[in-house]
Amino acid sequence: MRARQRWLFATILAATALVAAGCSGTSPDDEGGGDGGGELSWAIGGSEAAPGGVHREVAEMWNEENPDNPISIERLPDDAGEQRQQQSLELNAQESGFDVLGMDVIWTGEYAVNGWLESLEDVRGEIEEVTIPGAFLSATWEGELWAAPYNSNAGFLYYRTDLVDEAPTTWDEVVQVGMEVAEQENIAPFVGQGAQYEGMVVNFLEYYWGAGGEMFNEDASEVLWDNEIALEAVEFMAEANESGFYASGFNTFLEEESRNEFQSGKAVFMRNWPYVYGLASDKAESEIAGDFDIAPLPTFTGEGTISALGGFNNAVSAFSDNPEAAKEFVVWASTNEEVQMLLGESSLPPTMSSVYENLQDDPVMKLLGEVLPDAKPRPPAPTWNDISVTIQQEIFPAYNGEKDPQEAVEAVGAFLEESIQ
Amino acid sequence: MSATTVAERAPTVGGKKSLSDSALARFFLSPSVLVMALVAAFPIFYAIILSLYVYQGRLREGFGGLENYTEALSSSRFWDAVQATFIFTVSSVSAEFLIGLGFALIMRQVFIGRGITRASILVPWVIPTVIAAQLWYFMFSVTPGFVNYALGLDRFNWLGQPGWAMFSIVFADVWKTAPFVALLLLAGLQTIPDEMYESARVDGATTWQRFWYITMPLLKPAILVALLFRTIDALRVFDLPQVMTGGSFNTESLSILVQRYVVQTPNPGLGSALSTLTFIIVLIIGVLFVRALGRDFVLNVEDE
């Protein structure tokens, strides 16, 4: 009888132990990176993080020079919002799975305020010296440097040179030419990023800014949101969607879907980032290699150009087991000319100013030189994520005819007011 | 809880010469009850506790009572999600049931290649849901547009308009889980003795009469089990809408809404309130099913 009791307690004990072991849990990322040795893991997303992508080449370059602290890429999803979610889950749990964080420029404030990053103040000088000012600013929050700029980004207007003589400079012209040519060729006039995600926010803001709108004043203490201008932008999008200026499926497209459509010859114009240039010029993959060109994004007035400033910065996770090596890596990737040249050659805009001088003959670099000075940052405030989600929830249904545009822009304005309080 | 009960009772029971069958069964079950309590009950109660606090972002501001629940229940987004979840559940479960029943009846017939037929019908069910979702996203998406190509449609925007977006998700779910329903129903079909069909045939019953008066009544328990599993599963749907539409065009399910408030724009209080509400909805429907199931078993016993 006592034996039976003992058996019972042993079972309960074993079961409890099992559960306890389950709870203490190991993160799936523990296998290689982080613990013990000098291995680093670099959590970054997008097509450049895929095998064969330029981030992989950069990692290989580092590994050749630093066999003691090799880095491996932890590939995140393509959608920036999902990348942020993956990182925030890891960081919120204070897990050490990611040593280096490939951060979209808009996350700096949030990550810094949450205490997820190691400060880079002590290496500020060497980074600031070689970096273009806009990109440098995007890695700071309240005056402190939290990340090392890695690549910058700006939107381009891609157009088919075999179908259009000259790049239009106003949106009205793009619509007019696009509709006309598209009808003749039986293809779509325009593709871009229209799905309900951060990319749509960027596309919307480029219309809004292009019509003269602003979100905040310089130090983000005052809301400058203009319902009239926002309404104009939303109505432009709704009209474009309704009339078929936006390709069928525009409202489900991310960067890669729009690239796929454009490079298989199914669209006249495209709004996309510079990375497409190299890929669309590749004859093996693209049906329009040699038949397209790039131009600054149009505005509504035809004056100047407006683009959202994008890009990625590398930061050191506050929970890294190997912060010293991680810091060395982020500084190296930001200040090594060879790395930055490699990015430039892959049509990923570098943040190092000297590269632009060296690659002057490159059409992408040349256009970036024109566009970047006017590119507008989305405020990298800790609340940016909430603002972006609000814009997605209001503007997306509005431009798809599912919600009253007036109500939508007012809701965004109200949320912006709320966000600075 | 159960640990202390066992500890208190064990000595007195141990004093007797032998344990009754049910007491022994309880002993043997107690470890699993304990594990269940830790794994299942703890998160539920923890979520309920979290849902009573008010948060600003990730920071707790204080006790709020039912504030999160009033906020959830008064937001149109919650009711939209409830509606979307129910539309998805009703349409996917009924389609899966009809198709699954058809599959099961086919698989029951003895013919050449039975093994291969069964195996191939089950293939979709073996594929992980996220992968199936990604696959169907590519199929329905305008680019590259396999579905449009197969149907000879030019550039139909399946995922980018209300109604069709939900249709695509339901379609993918039916493709994936009808085999599972078929498997459950097949198991039920195989318990029906062939003699019953034979004697019915002798009595001159038509195929339809044999199906309606023999197959259906005897299959009822299996049907209810299949419907219970599928309904509960469908009410918690996350992967398919998340991957295929991201919740746009009225496809935001309750689970997606919960994920939004737990991960995307974190608010642990509201997120927990929403997940508790989801839990309650699923629980109520589950209880209703189990009741129907239990009564049916009782009725069957009486009939015999």
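Q: What should I know about the model and its numbering before we start?
A: This is a predicted model, in which local features need pLDDT of at least 70, side-chain atom pairs count only at pLDDT 80 or more, and totals for chains, interfaces and linings use all residues. Residues are numbered from 1 along each chain as its sequence is written, while chains are lettered from A and ligands numbered from 1 in the order in which they are written.

Q: How many helices and strands does chain A have?
A: Chain A has 17 helices and twelve strands. Helices (H or I, at least four residues) and strands (E, at least two) are DSSP runs, numbered from the N terminus.

Q: And how compact is chain A?
A: Its radius of gyration is 24 Å, close to the 22 Å that the globule rule gives for 421 residues, so chain A is as compact as a globular protein of that length. The radius is taken over C-alpha atoms, and the rule is 2.2 Å times the number of residues to the power 0.38. Along its principal axes, the C-alpha trace of chain A spans about 90 × 50 × 45 Å.

Q: What share of chain A is buried?
A: Of the 421 residues of chain A, 51% count as buried. A residue is buried if 20 or more other C-beta atoms lie within 10 Å of its own, exposed if 12 or fewer, and partly exposed in between, with C-beta atoms placed from the backbone.

Q: Turning to chain B, what does the radius of gyration say there?
A: Chain B has 13 helices and two strands. Its radius of gyration is 24 Å, well over the 19 Å that the globule rule gives for 304 residues, so chain B is more spread out than a compact globule. The C-alpha atoms of chain B fill a box of roughly 80 × 75 × 30 Å along the principal axes, and buried residues make up 31% of its 304 residues.

Q: What about α9(A) and α17(A)?
A: The axes of α9(A) (residues 227-243) and α17(A) (residues 405-419) come within 9 Å and cross at roughly 130°. That makes α9(A) oblique to α17(A). Among the contacting residues are Leu231(A) and Val234(A) of α9(A) and Val409(A) and Val412(A) of α17(A).

Q: Which helices cross in chain B?
A: Helix α6 (residues 129-140) and helix α8 (residues 164-189) of chain B have axes that come within 10 Å and cross at roughly 130°. Residues in this contact include Trp136(B) of α6(B) and Ala172(B) of α8(B).

Key
Axes fitted to C-alpha atoms, helices over the stretch in contact; angles between N-to-C directions. Parallel < 35°, antiparallel > 145°, perpendicular 65-115°, else oblique. Contact = placed C-beta atoms within 7 Å.
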